[in-house]
Amino acid sequence: MGRPEVSIVKCGAYDEKAVYDAVTEALRPLGGMKAFVKPGEKVLLKPNLLCDSPPDKHVTTHPSVVWAVATLVKEAGGAAIVGDSPGLASFQKASRTAGIEQAALKAGATLAQFKNSVPVELGPGASFKNIEVASEVMEADRIINLPKLKTHVQMSLTLGIKNMFGCVIGKRKSQWHLMAGKDRVYFARMIVDIFAAVRPGLTIMDGITAMHKDGPQNGEPYPMGLVFASNDTVALDSAVTSMVGLTREKNPILDVAAQRKLGCANLDEIGFPLIHPKDVKQKGFVIPGQTELEIGPGMLRPYLRRLLVPKPVTKHSKCTLCNKCHAVCPPDAIKTVKEKIVIDYDNCIHCFCCVEICPEGAMVLHRSLLSKTISRMQ
Ligand code: SF4
Ligand code: SF4
């Protein structure tokens, strides 16, 4: 990899031509798509396809971004394959609802649901010895990462590194959550191990309409009007993290990746050939409050933790009893009792998968007054 470069380009709408022009402009200082894709190569495009959500909800990478990148890959002589493994919905349903299936086919790309895993051995510095990643990812000649810029109730932000979590086959994601339990740093290490196993050569991020507040599914659209491209995902995530007013230490995934030197996290060492992140600071972007788990004297910690850690609660008036939260809960802490969702908080590991997946916005984060006050002070 050459010098880390992050291109930031303004783009105000999801009009296909405007997005194509913005992505082309972002790639120009990096050498264009031809610098990443050689004729005849199989190029896997990995969007954020969290669930079956339509494009106007801004939960998934917008189809016009997928179309533009797939078109550019084709123009460079590559064969584009758009693939993912959504956590709950089937790939077909999710990609169709998100408009990604139609966009991929229109651009002449094929679609691939990740079905099979292969073990990948991890080198020194990894938290795990080996990890299972979708074979469709490992068999590609090139990987282009297409994340959506969103907040994340558990991990603060979901950007380029986190998008690689989708390379773990659907249901195995729950097992990872279960293993990580309540420990955000442990979970960050798992995500970073997956990222290290995959290492996309190019990341193009959809920040045209981002998502803030309680993302990644039930936040609010945030018109940012930016497209990003980089040859270094860690550098890109560092730029975005600083733009939205977070330090590296408050983004645990970025922090772990930077400590492992999987890319450049020092803004002074990154090239910004077009727009510098300091010139596009996002003051109105709201990140879910984080409460540190290890505060106060040892004996009081369990009590303080209960008070400070946000918990999922159900808004019964919105709940349709669809059972999606049951299916996704790693420790099986959710039950339906007398036609109402009941959460066993003794077993809840605060992964917030239920909040992330609920299609009705009926599963929400509840923060105590003390937790809200501390978040405001941080
Ligand atoms: S809380 Fe949400 S995900 Fe769970 S059953 Fe109700 S609507 Fe479905
Ligand atoms: S109840 Fe929700 S937050 Fe708690 S473990 Fe289950 S999915 Fe995670």
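**Exercise 1.** Determine how many residues of domain 1 are in contact with how many residues of domain 2, and describe the side of domain 1 that touches domain 2 by residue class.

*Solution.* Counting pairs in contact (C-beta atoms, placed from the backbone, within 7 Å), one finds 14 residues of domain 1 against 16 residues of domain 2. On the domain 1 side, these divide into five nonpolar, seven polar and two charged residues, where Ala, Val, Leu, Ile, Met, Phe, Trp, Tyr, Cys and Pro count as nonpolar, Asp, Glu, Lys and Arg as charged, and the others, Gly among them, as polar. The domains themselves span 6-280 and 298-377, with bounds from an automatic or database domain assignment. The model is predicted, local features needing pLDDT of at least 70 and side-chain atom pairs pLDDT 80 or more, while totals for chains, interfaces and linings use all residues. Residues are numbered from 1 along each chain as its sequence is written, and chains are lettered from A and ligands numbered from 1 in the order in which they are written.

**Exercise 2.** Identify the residues that come nearest to ligand 1 and ligand 2, and give the classes in each shell.

*Solution.* A residue is near a molecule if its C-beta atom, placed from the backbone, lies within 6 Å of it. Around ligand 1 there are 13 residues, of which Cys 319, Cys 322, Lys 324, Cys 325 and Cys 358 come nearest; by class, this shell has eight nonpolar, three polar and two charged residues. Around ligand 2 there are 15 residues, with Cys 329, Cys 348, Cys 351, Cys 353 and Cys 354 nearest, and the shell comprises 14 nonpolar residues, one polar and no charged.

Methods:
Contact = placed C-beta atoms within 7 Å.
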